[in-house]
4 protein chains.
Amino acid sequence: MSDNTFGKLFRVTTWGESHGPAIGCVIDGCPPGMRLTPEMIQSALDTRKPGTSKYVTQRKEPDEVRILSGVFEDDRTGGPVTTGTPICLMIENVDQRSKDYSDIRDKYRPGHADYTYEAKYGVRDYRGGGRSSARETASRVAAGAVAARVLDRLFDGAVKIRAGMVQMGPHKVDRQRIDWDSVGDNPFWCPDPVAAQEWEAILDQARKDGSSMGAMIEVVAQGVPPGLGAPVYGKLDTELAAAMMSINAVKGVEIGEGMNAAALSGIDNADEMRAGNRADNANRPRFLSNHAGGILGGISSGQDIVVRFAVKPTSSILTPRQTVTRTGEETEIVTKGRHDPCVGIRAVPVGIAMMACTLADHALRHRGQCG
Amino acid sequence: MSDNTFGKLFRVTTWGESHGPAIGCVIDGCPPGMRLTPEMIQSALDTRKPGTSKYVTQRKEPDEVRILSGVFEDDRTGGPVTTGTPICLMIENVDQRSKDYSDIRDKYRPGHADYTYEAKYGVRDYRGGGRSSARETASRVAAGAVAARVLDRLFDGAVKIRAGMVQMGPHKVDRQRIDWDSVGDNPFWCPDPVAAQEWEAILDQARKDGSSMGAMIEVVAQGVPPGLGAPVYGKLDTELAAAMMSINAVKGVEIGEGMNAAALSGIDNADEMRAGNRADNANRPRFLSNHAGGILGGISSGQDIVVRFAVKPTSSILTPRQTVTRTGEETEIVTKGRHDPCVGIRAVPVGIAMMACTLADHALRHRGQCG
Amino acid sequence: MSDNTFGKLFRVTTWGESHGPAIGCVIDGCPPGMRLTPEMIQSALDTRKPGTSKYVTQRKEPDEVRILSGVFEDDRTGGPVTTGTPICLMIENVDQRSKDYSDIRDKYRPGHADYTYEAKYGVRDYRGGGRSSARETASRVAAGAVAARVLDRLFDGAVKIRAGMVQMGPHKVDRQRIDWDSVGDNPFWCPDPVAAQEWEAILDQARKDGSSMGAMIEVVAQGVPPGLGAPVYGKLDTELAAAMMSINAVKGVEIGEGMNAAALSGIDNADEMRAGNRADNANRPRFLSNHAGGILGGISSGQDIVVRFAVKPTSSILTPRQTVTRTGEETEIVTKGRHDPCVGIRAVPVGIAMMACTLADHALRHRGQCG
Amino acid sequence: MSDNTFGKLFRVTTWGESHGPAIGCVIDGCPPGMRLTPEMIQSALDTRKPGTSKYVTQRKEPDEVRILSGVFEDDRTGGPVTTGTPICLMIENVDQRSKDYSDIRDKYRPGHADYTYEAKYGVRDYRGGGRSSARETASRVAAGAVAARVLDRLFDGAVKIRAGMVQMGPHKVDRQRIDWDSVGDNPFWCPDPVAAQEWEAILDQARKDGSSMGAMIEVVAQGVPPGLGAPVYGKLDTELAAAMMSINAVKGVEIGEGMNAAALSGIDNADEMRAGNRADNANRPRFLSNHAGGILGGISSGQDIVVRFAVKPTSSILTPRQTVTRTGEETEIVTKGRHDPCVGIRAVPVGIAMMACTLADHALRHRGQCG
């Protein structure tokens with residue numbers, strides 16, 4: 001990972017600001033010969049699109065993706081395929097409404113990167129947070145759709161990534177009720193339909209109160225074979241932690257037992273092993289529990305890979321907060337505009353995308369080193 | 001970060017296995033002209049050395065570091081200084097006792113990387129965990145001592161990194177009693193002297209029970225100026241998360257409010273700002289709270305940088321656990337040997353080292369891009 | 001350098017195919033606060049634009065650049081400035097005439113990458129060479145214009161890069177007549193006005209003969225301070241060699257004395273030193289010759305940096321050449337289309353761009369490590 | 001490539017100074033399960049060892065390599081094999097004779113990096129050139145031996161790398177007499193036995209004259225399959241150019257026709273293709289010539305890969321040369337010590353090593369991206 005690029009063999013570089021003419025990404029290192037249509041990317045993008053429910057920003061962005069390079073209508077395979085060269089994806093910014101943001105030019109919004117960008121660069125694109133806006137994550141979701149194709153190709157469809165919001169504010173799902181197939185049925189990507197129902201009123205109230213809510217997202221990758229990852233800084237968990245922490249507003253990342261591992265004893269935490277189902281997987285052991293979250297020594301074990309991350313409550317709220325101006329004068333700010341009352345909601349597809357990109361990269365790296 | 005290297009301008013590559021002839025690291029990109037003696041590194045190494053109390057492994061390793069390159073006795077400055085070329089540090093493995101480990105050659109230890117290394121590479125150095133052993137972290141601590149020198153030089157001694165164990169098993173410190181200056185006074189690097197006292201009996205008991213305990217480590221960097229970090233994958237928090245998650249046995253990483261951010265409302269989570277103390281820092285704002293942990297949009301804000309990470313309980317325990325052999329036979333294993341009953345203890349100096357390396361790297365990168 | 005990215009702190013990733021919708025690049029790591037207008041980039045692009053003389057391809061491409069990100073109209077500095085975030089530049093392909101190329105879909109053109117792309121990727125965008133087309137170099141020239149701004153800023157305008165064609169086919173310039181200021185006065189970027197005059201008829205004849213001509217380009221950077229570069233693989237000459245060799249059709253790169261260094265004796269090759277002009281440069285020595293081409297041990301010496309590279313004759317010629325089809329049938333090919341009779345001509349601005357990018361990157365890296 | 005590391009999947013980081021305690025390298029990313037003994041590396045090292053003939057430095061260095069990590073005595077394969085973890089190789093410096101160099105502490109030697117290191121870093125290890133000494137290339141040769149094992153494994157022994165000195169000073173070999181199998185029979189690694197005989201007296205005379213001689217080295221890789229390399233900065237020729245230019249004293253690099261390509265016409269330069277030998281290689285075409293040197297569009301074509309590089313004459317000569325001191329006083333210097341009269345000789349095994357490392361890296365990268 002370096003500044004605006006992540007990945008090593010499957011490398012994604014994103015570019016663009018919230019209110020510039022466009023945002024996008026360049027994917028370098030994608031395997032050739034994979035069928036890839038704009039629709040495949042578009043359908044992923046549509047999952048994080050603004051304006052899909054009243055619980056996300058009402059900014060009207062069609063988020064239409066264009067593939068500018070790296071794909072060619074191959075006459076032999078009868079369709080658009082990746083050529084192995086860089087894939088540039090572009091999404092034009094349509095509904096920019098710059099004037100909404102003009103009054104924040106001179107005030108630092110608490111919880112935003114206004115002050116720190118200015119401290120670092122001496123200049124900032126204040127319109128909608130510029131580069132620090134969560135709008136950048138649209139590019140990640142687009143790249144994630146390509147990564148998902150890589151996983152499909154490499155593992156013949158065996159890898160499946162599920163994600164959902166498992167906590168909103170202090171309200172957690174009931175893990176007994178988790179049904180990943182239901183996440184698309186509610187506006188929260190919540191895998192517990194009962195909780196999802198309850199959260200509607202809670203989030204409505206938070207918004208009425210001029211506030212916002214934090215959230216916890218869980219991402220699970222099923223079907224990942226053992227052997228992906230590498231010691232000691234290229235560990236799969238290391239790079240998943242980086243991938244998730246790089247998402248806007250994320251303040252913590254857990255693998256498997258996560259922070260709770262601190263509270264456990266060695267006896268309780270052990271994931272014991274039994275002989276696997278030989279029919280399927282020769283000598284692959286069967287684990288009796290998954291405290292490890294599917295990763296041991298930085299390398300996948302063949303169990304489900306389980307990652308959770310915490311998203312702080314949206315910093316843009318209607319309740320006035322104390323702040324200062326660029327010239328150091330004390331003042332207050334109320335952040336108007338079209339903001340998500342719980343940014344965690346739209347972080348769900350982003351978490352999927354980051355998981356897909358990280359796994360695709362590691363799968364290619366593994367193939368490179370180990371064949 | 002890539003496989004065995006981390007950092008971008010201050011790059012650390014570690015090498016070596018637990019029971020090979022030696023371990024060490026190569027530091028590339030270190031600024032020239034910095035005084036650097038073996039003693040400066042040795043004193044850091046001594047903080048994570050085995051055998052310093054009954055709560056850490058009794059393996060007898062002097063951990064004497066040799067500087068093999070990159071430092072020269074400059075006749076003008078009158079002492080050993082860095083030359084800007086790669087610094088290779090080597091620590092010989094002395095007390096290897098390979099025979100202790102011969103019986104684990106054929107069994108996968110639960111919680112260890114035995115199975116996953118074998119799944120990935122088809123071969124593994126089973127002696128003491130080979131490359132996956134926490135012994136590798138000695139190299140990190142050595143590199144961290146060099147990084148600390150870089151910070152001293154760049155920030156004239158203003159950056160101070162504190163760390164300690166703030167939770168052992170379910171037992172947390174009382175945050176009212178935290179005194180960072182006391183961490184060296186007890187075998188746990190615990191900043192709460194009362195808790196430290198209580199933990200002794202608790203950990204003794206866990207060991208007698210053939211078990212082990214998890215831990216939570218907190219690392220705080222004080223005096224870091226605003227402006228370090230970069231969007232959007234080179235974020236300071238992204239790379240700190242990676243740095244900490246790469247430490248053996250770590251299962252979760254938090255910045256500031258961390259996982260608890262999910263439970264907060266936007267009103268409560270806002271770090272409001274007031275005008276700073278002009279005498280000191282011109283227009284630098286003063287924050288009224290630090291939920292953000294000193295990082296906004298991936299860039300340091302000038303507040304304390306606060307990172308916590310959870311270390312799982314030592315997997316090597318004396319209670320028999322079910323497992324399988326390399327050939328898939330079901331069996332049990334008791335991991336004898338000289339193991340830390342709470343690996344979190346020795347993770348404290350490693351956390352300091354990773355913080356120092358990450359900050360040094362970002363400080364150089366910032367200077368490179370922004371002058 | 002890695003696949004489609006070059007540079008380390010000033011990183012340029014290019015994307016796009018000859019006949020796709022657009023080409024472009026993403027520049028990451030650019031210093032903030034630098035004035036940057038589309039015109040600054042456009043004027044560089046215009047120097048390599050197709051159709052400027054009868055000696056370059058007649059493809060009609062306006063090569064209009066759009067800045068999609070990384071620049072903001074700063075109200076304080078009164079104009080567009082870099083913000084330190086990724087700069088995405090896009091050039092739409094207008095005059096694609098895909099049908100010109102449809103007959104080469106099934107035949108491998110000698111000297112082109114048709115066969116090797118197919119061997120590597122199993123698929124290729126055959127239209128105009130796809131990714132392997134020299135059209136990609138427009139993106140480099142655009143990036144080079146930004147790099148030139150970086151050099152201006154860092155060295156206050158002291159660094160000046162000159163380049164020209166010093167040989168066409170077997171015909172070399174007379175080095176006594178070299179006048180760098182005259183390169184813009186002829187269609188060859190030739191610094192010897194007499195040679196330029198003679199080359200017109202020679203190149204006309206080559207084209208009439210259904211052939212093409214090779215060329216030698218010389219790039220000279222004046223005013224580079226001592227100290228840029230780094231041992232041992234990040235050497236300035238190493239990275240300049242890579243930069244130039246990466247340009248389409250380049251088959252050799254020389255620094256200073258170049259290949260001729262093999263023929264020299266140690267006595268003749270020594271660049272002796274005398275005391276410098278103290279008024280200007282304190283202790284900086286004055287060199288009595290420049291066999292080294294301004295680089296010693298991979299680090300700039302303060303002398304002119306002199307690089308030459310050989311460009312092979314255009315492979316697309318009207319004389320039939322033997323080849324095979326994708327299915328292995330023997331055949332002949334005549335490469336019609338709008339081709340440069342001497343691709344070396346348009347390599348001149350590309351050489352300048354690669355020099356600028358390499359120097360800008362090294363200047364930032366030097367500032368990062370050494371302050 | 002970045003500073004002291006080269007390669008992307010097969011990454012080599014070298015460290016160490018000419019007169020420090022040791023030199024060495026860390027190889028990260030090596031495939032696991034490859035048999036690797038110290039003897040395999042030692043036999044490569046012995047080819048560039050000092051003191052093997054009167055034409056190379058008489059410094060007495062046994063150059064004994066130790067493998068410090070990354071290899072394990074696997075009980076199943078019955079021998080030492082790579083484990084996939086970093087391989088650290090160390091060579092102790094034995095015959096350092098630091099006092100020989102003490103008088104050059106204050107004078108800049110023409111043609112050496114003394115002045116530029118000082119200009120960059122403000123400090124330098126003046127003993128034998130420190131980091132800029134060609135002694136560093138021993139580490140490359142050691143790494144190259146490991147890379148050769150990778151190639152053997154990946155291509156089942158089909159790739160063979162030959163190299164030799166094809167020119168010394170102005171004296172070239174007769175290409176009709178080239179016999180690669182004879183290079184080991186003379187002290188010059190010259191493939192023309194007649195020329196080798198003549199060069200003895202010539203080099204003796206140069207040394208008696210207090211001078212030294214330049215050289216041209218040719219490296220040929222046979223049996224490389226088509227498809228290695230990548231557009232547009234990861235080109236195989238780009239990275240070979242970088243690899244060779246990074247060798248001490250190299251001033252120019254050519255692929256295939258090289259600098260001479262500038263003088264050719266398109267008709268003459270075309271490498272025409274005919275149908276291949278179907279028995280062997282299905283549709284792989286047969287080329288009628290190899291002006292391209294085995295690389296088209298940055299990707300191997302299956303032909304021999306042909307690289308040449310020019311090595312300048314040894315800068316350390318007994319004839320006094322004018323120079324200045326660190327404090328700017330004008331003086332003369334005679335470089336005594338034990339120097340190679342033609343450093344090109346020992347550059348031959350280094351060229352082989354760099355070719356092997358570059359090919360191994362590209363082969364792994366290709367496998368990663370394209371399977």
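**First selection: chains D and C**

Colour chain D and chain C separately. In this predicted model, chain D is superposed on chain C by a rotation of 180° with 0.0 Å of shift along its axis, and the RMSD is 0.0 Å. The two copies meet through the same surface, because 100% of the interface residues of chain D are also interface residues in chain C.

Next, display the residues at which these two chains touch. On the side of chain D, 116 residues are in contact with 116 residues of chain C. Together the two chains bury about 8,600 Å², and 58% of that area lies on carbon and sulfur atoms. Select Lys120(D), Tyr233(D) and Lys251(D): within chain D, these residues lose the most area to chain C, and together they make up 11% of what that side buries.

Which residue of chain C forms a salt bridge with Arg365(D)? Show the side chains to find the partner, Asp3(C); the closest N and O atoms of this pair are 2.8 Å apart. Between chain D and chain C the count is 6 salt bridges. The count of residue pairs in polar contact between these chains, with both residues at pLDDT 80 or more, is 63. Colouring by class shows that the side of chain D touching chain C holds 52 nonpolar, 38 polar and 26 charged residues.

One pairing to locate is that of Glu254(C), whose bridge partner in S11(D) is Gly252(D).

Hide chains C and D and turn to chains A and B. Chain A is superposed on chain B by a rotation of 180° with 0.0 Å of shift along its axis, with an RMSD of 0.0 Å. This is the relation of a two-fold axis. Both copies use the same surface, as 99% of the contact residues of chain A recur in chain B.

At this interface, 116 residues of chain A are in contact with 115 residues of chain B. The area buried between chain A and chain B is about 8,600 Å², with 57% of it on carbon and sulfur atoms. Select Lys120(A), Tyr233(A) and Lys251(A), which supply 11% of the area that chain A buries against chain B, more than any other three residues.

Zoom in on S11(A) and S11(B), residues 250-255 of each chain, which run antiparallel and are joined by 3 bridges. Here Gly252(A) stands opposite Glu254(B). Then move to S9(B), which is joined to strand S8 (residues 160-168) of chain B by 2 bridges in an antiparallel arrangement. In this pair, Met168(B) stands opposite His171(B).

Keep chain B alone on display. Its strands S1-S2-S3-S7-S4, in that order, form an open sheet of 5 strands with antiparallel pairing. At the edges stand strand S1 (5-6) and strand S4 (65-67), each with a single partner strand, so one side of each lacks a neighbour in the sheet. Strand S3 (residues 22-28) and S7(B) run antiparallel, joined by 6 bridges; Ile27(B) stands opposite Ile87(B) there.

Finally, select Arg326(B) and Asp106(B), whose side chains meet in a salt bridge (3.0 Å, N to O). The pair links distant parts of the chain, 220 residues apart: Arg326(B) lies in the loop between strand S17 (321-324) and strand S18 (330-333), and Asp106(B) in the loop between strand S7 (87-92) and helix H2 (114-121). Over all chains, the whole structure contains 105 salt bridges.

Terms used: Residues are numbered from 1 along each chain as its sequence is written. Chains are lettered from A and ligands numbered from 1 in the order in which they are written. This is a predicted model: local features need pLDDT of at least 70, side-chain atom pairs count only at pLDDT 80 or more; totals for chains, interfaces and linings use all residues. Side-chain values use heavy atoms; hydrogens and water are left out. Contact means heavy atoms within 4.5 Å. Buried area is the accessible area (1.4 Å probe) that two parts lose on being put together, summed over both. A salt bridge is a side-chain nitrogen of Lys or Arg within 4 Å of a carboxyl oxygen of Asp or Glu. A polar contact is a pair of N or O atoms within 3.5 Å; within protein, one must be able to donate a hydrogen and the other to accept it, and residues adjacent in sequence count only if both atoms are side-chain atoms. Ala, Val, Leu, Ile, Met, Phe, Trp, Tyr, Cys and Pro count as nonpolar, Asp, Glu, Lys and Arg as charged, and the others, Gly among them, as polar. Two strands pair if DSSP finds at least two bridges between them. Helices (H or I, at least four residues) and strands (E, at least two) are DSSP runs, numbered from the N terminus. Copies are superposed by least squares on the C-alpha atoms of residues with pLDDT of at least 70 in both.
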